[in-house]
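Trainee: I have a model open and would like to learn how to read it. Could you take me through it, please?

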Amino acid sequence: MPETKKIPVAQASKDYAKIKLTGSKPRKRKHANAEIVIGCVMLGIIALMIIFAPLLTSYDPTHQSLREAMLGSSPAHLLGTDQYGRDIWARLLYGGRIDLFVAIMAVFTPLVIGTILGAVAGYFDGVVPTIIMRFADLVSSFPFYVLVIVLVFVLGNGGTSIFIAISAVSWVPYTRISRGETLILRDREFIASCKASGFSDGWVLFRHVIPNIASQGIVYAMSDIVVNLGIIVTLSYFGLGIVPPTPDWGQMMNDGQQFLAAGVYSLTVIPTIVIILISLALSFIGDGLANVLKVRR
Amino acid sequence: MTAATTAKTTTEPDYEYALEIVDLCIDVDKHGERVPAVKNLTIRVRPGESHGLVGESGSGKSLTLRAVMGLFSKGAYYRSGYIKICGKEVLGPNAPDYDPSMRGKGVAMAFQEPAVALNPIMKVGWQIVDALREQEHLSRAEARKRAIELMDSVGITNPEDRFDAYPFELSGGMRQRVMIAASIACKPKVLLCDEPTTALDVTIQEQILKIFRSIADSGTALLYVTHDLAVVSQLCETLSVIYHGEIVEEGTLRKVFDTPEDDYTRQLLSSTPYLKGRMRAAGSDTVRKGE
């Protein structure tokens with residue numbers, strides 16, 4: 001009994017010694033997070049495969065060969081071919097290039113623009129914030145898809161116009177998020193303290209306000225990439241998106257659709273699975289980021 | 001009014017008072033009506049002097065301090081009077097919207113709660129460096145060196161390591177030191193203190209007060225707002241007692257503590273009974289910390 005009593009005391013003093021030793025240096029925050037790691041690994045593998053597509057397939061994704069149409073899986077064609085004899089594996093890899101690129105760009109731009117607009121709207125008083133927020137109300141009063149489709153229709157098909165259309169519509173939630181966060185933040189003492197130190201409003205906004213509110217927008221952006229991917233694929237599926245010779249997942253689904261009744265599922269199912277995997281990876285990253293960034297509050 | 005007519009005898013600077021608040025009136029919104037919260041408040045602080053502004057919660061002392069800094073919270077409005085820092089009118093008939101040009105180098109402020117007065121996601125060293133770079137236009141390396149010197153001067157041990165710490169990694173006392181370091185970074189002529197020791201325990205409080213003492217000794221005018229008479233007795237030479245937005249008593253520490261004229265001051269002093277007795281017994285201008 002006396003022996004067991006001694007152990008915790010010794011342990012405690014050891015721990016105390018450890019604290020004293022490391023106390024002078026700032027503690028390292030824990031960055032590792034299982035969800036982020038899993039999500040990044042999944043997304044990383046997919047992204048690498050897409051980037052290094054020429055190394056993983058020798059086929060041209062647009063090369064047609066009607067003699068080889070509708071082949072099943074074989075060593076020559078890993079996932080078979082479609083009705084025009086194009087290699088599905090190659091189309092899958094090259095198709096991701098434009099889809100993922102546009103999806104990510106169409107998140108990054110609204111994230112930056114929306115966050116800045118929201119911070120401005122929250123930080124200042126007066127006419128400018130009112131204009132920003134009423135304009136946001138105006139944009140969000142239209143159904144999201146309808147507005148995107150109309151814009152793509154006006155701007156014409158293709159990756160660039162999809163990017164512009166999505167960016168023009170999806171800055172609204174970022175603006176709302178960052179305005180709300182800024183309204184809370186601007187009454188905090190350290191913002192007053194910054195002003196008291198003689199910093200200009202612009203400096204306070206970019207150096208202190210935006211870094212403090214950015215995390216919410218970034219977490220939202222992760223799920224927004226998934227939404228954008230969905231929009232791009234949907235538009236292409238309806239023939240409004242990427243122009244046909246360029247391979248694209250939505251178009252692949254559309255191409256395969258007519259064979260579903262005949263019992264050929266792979267043409268439609270394969271791109272769907274890839275999109276689900278990407279969505280899953282981004283959800284993991286988003287959840288993980290939300291957890292990590294929450295700690296700071 | 002009378003002070004304005006007195007001839008200037010000092011020749012070095014072109015102002016006698018580093019901080020001059022004259023007949024300041026501030027209104028606040030209360031249930032949709034504007035009511036006066038600070039009434040004809042006059043405080044003058046000379047360079048190197050530390051002046052205590054004592055009053056209870058809601059008496060208008062923080063409002064006054066923030067007016068000097070130009071930080072009006074929602075629902076507070078300047079009405080009349082003027083505030084001069086180093087002879088320059090920052091708030092008054094000629095500058096009704098507050099002139100921020102004196103912020104930083106002319107006037108700085110140490111806040112009550114350092115936990116919220118520092119940016120939570122910025123390394124503390126950079127918060128000092130920023131102030132230096134903005135006002136003194138130093139290079140990054142120079143500013144870093146100065147920041148570390150400043151941190152050392154306010155009693156932060158291992159300033160080089162602490163430079164890269166985030167505010168949440170520091171103790172309350174350390175955070176307060178960082179904030180003081182940031183506020184004196186540009187050698188302000190006037191330092192406003194909004195109860196900077198209230199959130200700290202007594203031993204740390206004494207160390208922080210020593211730092212303020214040395215800041216005042218270096219020629220900075222200190223306006224120290226608090227409800228704690230013990231702190232005032234340790235730090236200040238002169239004090240004003242504020243009650244419901246009005247100065248009810250002012251004078252040297254000795255005069256106010258020994259021969260209070262106003263009823264409220266007497267009540268305030270008697271609410272901390274040991275102080276008055278000790279003042280008489282010690283017969284000095286400062287009270288040592290009670291055993």
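Mentor: Residues are numbered from 1 along each chain as its sequence is written, with chains lettered from A and ligands numbered from 1 in the order in which they are written.

Trainee: In chain A, where is confidence lowest and where is it highest?

Mentor: pLDDT is the predictor's confidence in each residue, from 0 to 100. Helices (H or I, at least four residues) and strands (E, at least two) are DSSP runs, numbered from the N terminus. Helix H1 (residues 2-22) of chain A has the lowest mean, 45, and helix H5 (residues 127-140) of chain A the highest, 92. Chain A averages 81, and 88% of its residues score at least 70. Over residues 1-29 of chain A the pLDDT is below 50, and this stretch has nine contacts in the model beyond near neighbours in sequence; a contact means C-beta atoms, placed from the backbone, within 7 Å. Where pLDDT is low, the predicted coordinates should not be read in detail.

Trainee: How many helices and strands does chain B have?

Mentor: Chain B has 12 helices and 10 strands. Of its 291 residues, 45% count as buried. A residue is buried with 20 or more other C-beta atoms within 10 Å of its own, exposed with 12 or fewer, and partly exposed in between, the C-beta atoms being placed from the backbone. Among contacts in chain B between residues at least 6 apart in sequence, 63% join residues at least 24 apart.

Trainee: Which residues touch the most other members of the largest nonpolar core?

Mentor: In soluble globular proteins, nonpolar side chains tend to be buried together. A nonpolar core is a set of buried Ala, Val, Leu, Ile, Met, Phe, Trp, Tyr and Cys residues joined through C-beta atoms within 7 Å. In the largest one, of 145 residues, they are Leu19(B), Ala181(B), Leu192(B) and Leu223(B). Helix H4 (residues 88-123) of chain A gives the most to this core, with 17 residues. Leaving out residues up to four places away in sequence, Leu192(B) touches Leu65(B), Val68(B), Met69(B), Val107(B), Met109(B) and Leu223(B).

Trainee: Where is His31(B) placed?

Mentor: His31(B) lies in the loop between strand S1 (19-30) and strand S2 (33-45) of chain B. Although not a glycine, His31(B) has a positive phi of about 50 degrees. His31(B) is exposed, with 5 other C-beta atoms within 10 Å. Two strands pair if DSSP finds at least two bridges between them; S1(B) and S2(B) pair in the antiparallel sense over nine bridges. Asp29(B) stands opposite Arg34(B) in S2(B).

Trainee: And is Glu195(B) exposed or partly exposed?

Mentor: Glu195(B) counts as partly exposed, with 19 C-beta neighbours inside 10 Å. Its phi is near 45 degrees, a positive value in a residue other than glycine.

How values were computed: Predicted model: local features only at pLDDT ≥ 70, side-chain atom pairs only at ≥ 80, totals over all residues. Contact = placed C-beta atoms within 7 Å.
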